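Grab a pencil and have the model open beside you.

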Amino acid sequence: MADLQQTPTSLCCCRKALPVSGVSGAPGGRCVGDSGRPLGGPGGRRCPLVDVASTSNFSCFRLNHLHLDLRLNFAVKEMSGWLVLDLVPVQPGVQSLVLDSHPSLLIHSIDCKVPGSGQEDPMSLTYRVDPFTDYGSALNISLPEAAVGPGRLIQVTVRYTTTDGPAIWWLDSELTCGQSRPLVFTQGHSVCNRSFFPCFDTPAVKSTYTATVRVPDGVTVLMSASRSLYSKQDRVFQFSMEHPVPSYLVALVAGELQHVDVGPRSRVWAEPCLLSCAVQKLGGSVERWLGVAEELFGPYLWGRCDIVFLPPSFPIVAMENPCLTFIIASILESSEFLLIDVIHEIAHGWFGNAVTNATWEEMWLSEGLATYAQRRITTEAYGEAFTCLETAVRLDALHRQLRLLGDNNPVSKLQVKFEPGVNPSTLMNLFTYEKGFCFVSYLSQLSGDVRRFDSFLRDYISEFKFKSVVAQDLIDFFLRCFPELRDTAVTQREGLEFDRWLNGSGPPPYEPDLSGGGALTRPVQDLCELWRTGDAPDLQAVMTFDLSTWSTFQIVLFLDRMLDHSPLAHDVMLSLSGCYSSLFDGLNAEVQIRWLQMVVRNTFYPELPRVRAFLQKHTSRMYTVPLYEDLVAGVMKCVAVEIFYQTQRRLHPNLRRTLQQILFQTNQNGALPTNQNGAPPTNQNGAPPTNQNGPTLSVINSTPSSQPSNANGTSGAIALRDVNVSA
């Protein structure tokens, strides 16, 4: 999944300690995976698996299948229908079924059938909704004692209606790209789908699913499914996912969508006004990338590899929904970022979707491995230099985050236990991806040969496909495949202990050699040195570097490193503007936003009109939030407020609320905090106060934005992966 925002207040993607296989403190537990395999390696059974983000009693049941039957009502922005769960109790004496739910779900009735019991009529069940956290609730269903027994199938049907929940994004026509018809999409990662349908909302549980969706005329529905049918007469779409997936990977989008096939097993979907551009950008590349990935990691297991481009309101960069990757249309501006985004989501077909982290505390098992796989694919497809350049940009961002947070901050651990009630969706960070990538790269280096490690990853997928795993599964399997490393106690090498990797804070103990990208990164470093002297450099020396011939990632690396050295002298900014501003203005948004952040952080007023024009054009969260945070953190807050009022009608309500929080320090309902008299607080000038601790944590629908924080405490513009992000 595409990466989400990290700020000092957004703690971490959480991990649990290597020697301990469970985390205490949540209801329910699970000793075996969904396949019946003990969670762990050959060392014996471990503690029950606990997911503190789920209130469900998923350990008590085996979920064989789920079915959704829904009707979409765009006029009132509701989905209504029912959910059917095929469940088999795996423990004796189970008297209740507890599902993850959300206050936005209106439950109408619940009943159950017991196939083979001789009773054809369903039995009505009593239930109650209990509070859990601010991102969900517990749906506690009483089961008929006489009908429930270990190994006996029961079918539970929940009839419900959705209201305004975090998983479901209704877009009015004005907020779509074509502005002609409304659109709706769902975003389940990581714990949002409990507001789409009641479920075991934990990655430890996987099942197949089917769905029937009824829609108004002219609406096309897509889902993350391997098969689909459409009855035009009844306006009914039917879907089937034949492989088991966790709840967060059940996804839906419906609107005015058209498609073009771009390969034998891939097609591009988009609104009509976007379709030709999307097809032109991707061409036949998807099949090429799939072929490279299959050579490295084994067969692609999901059949279809379709891509749907969503309007700028999509809250993250991309999401690896099986068979149907969701990706934000804004990224079409940059071919290189588009390439990385799509390849990363393809990599999730193996790492994250086929083999999934069993809890959100071990998200690096998906994101770190997917990032490594993404870079293996780009190395094979585009060469080592390209991959090293892209990796340098990401690792720069990782070290920028470390400078901001400090080496001892627990956010920099791969595995940090998070407490019940903390929303995993707010805990995505660079370490999930980049420190995880470095650990996987270290395992590759230990294997002695990258091709040998490719073979190990193929075997890993074959061993654990369609299962959920913990970190110890990966480590045990690695040592089993490389017994010579196990015999030399590789896990205890001084300074590189596996426990230090997983539980130590600070930078990665090992980073891969990026010298293979020197031909692309050295010119960037040399140019940075010319501009970092403190005075305006010799322009003749500067002009020997022709940035018009540079790739996007080279320019991004240059601007990121110059941002690290802000504030710059006014003469330096004047020279930078004279040399590059017109060039940057004609390039993609990934370049433009970095230059404009330099403009804002250095209070360079001559370029302020470009900031205005950019924010009036772009309504994507990934581009608006970083600039607004920088404007508020400096002396240009009045400019930010003015632009916000000019553009707010074209912003998604969730983004509008986020920007109100940034600009006015409002609460999450969009209201100003009040003083003891009930009036909004003001500063000495009568204006709403600014944040004394830097920008606010930006969260929309429990899903943060897609930008990492930079050394100044404001968001950078690096659109990192899944999240995606993936998730």
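Predicted model: local features only at pLDDT ≥ 70, side-chain atom pairs only at ≥ 80, totals over all residues.

Residues are numbered from 1 along each chain as its sequence is written, and side-chain values use heavy atoms, with hydrogens and water left out.

**Exercise 1. Find out how many disulfides the structure holds, and look at Cys305 to see why.**

Step 1: A disulfide is a covalent bond between the sulfur atoms of two cysteines. Here a pair of cysteine sulfur atoms counts if they lie within 2.5 Å.

Step 2: Check Cys305. The closest cysteine sulfur to its own belongs to Cys323, 8.6 Å away, so that's too far for a bond.

Step 3: Give the count: zero disulfides.

Step 4: Buried means under 20% relative accessible area, exposed means over 50%, and partly exposed is in between (1.4 Å probe, protein chains only). Cys305 has 6% and is buried, while Cys638 has 57% and is exposed.

**Exercise 2. Locate the residues that UniProt lists for "active site".**

Step 1: Read the record. The unreviewed UniProt entry gives Glu345 and Tyr433. They're spread over 89 residues of sequence, yet they cluster in space, with a largest C-alpha distance of 13.1 Å. Of these residues, Glu345 is included in the lining of the largest cavity. On a 1 Å grid over the protein atoms alone, a cavity is a set of points where a 1.4 Å probe fits but cannot get out, and lining residues have an atom within 4 Å of a point. As for the record itself, its positions use the numbering used here, feature names are shortened, and annotations may be inferred rather than shown by experiment.

Step 2: Place each residue. Helices (H or I, at least four residues) and strands (E, at least two) are DSSP runs, numbered from the N terminus. Glu345 sits in helix α3, residues 335-347, and Tyr433 in helix α6, residues 430-447.

Step 3: Check burial. Glu345 is buried at 3%, and Tyr433 is buried at 1%.

**Exercise 3. Work out where the UniProt "binding site" residues lie.**

Step 1: List them. The unreviewed entry names His344, His348 and Glu367. Over 24 residues of sequence they still cluster in space, the largest C-alpha distance being 9.1 Å.

Step 2: Take His348. You'll find it in the loop between α3 and β21 (355-357), buried at 0%.

Step 3: Take Glu367. This one is in helix α4, residues 364-382, and is buried at 1%.

Step 4: Connect the two. The side chains of Glu367 and His348 make a polar contact at 3.1 Å. That term means a pair of N or O atoms within 3.5 Å; within protein, one must be able to donate a hydrogen and the other to accept it, and residues adjacent in sequence count only if both atoms are side-chain atoms.

**Exercise 4. Describe the surroundings of Ser207.**

Step 1: Ser207 is in strand β11, residues 207-214, and is buried at 4%.

Step 2: Leaving out residues up to four places away in sequence, Ser207 touches several residues, including Leu63, His65 and Pro244. Contact means heavy atoms within 4.5 Å.

Definitions and conventions. 1 Å grid on protein atoms, 1.4 Å probe; cavity = no way out; pocket = protein on both sides within 12 Å on 5 of 7 lines; lining within 4 Å.
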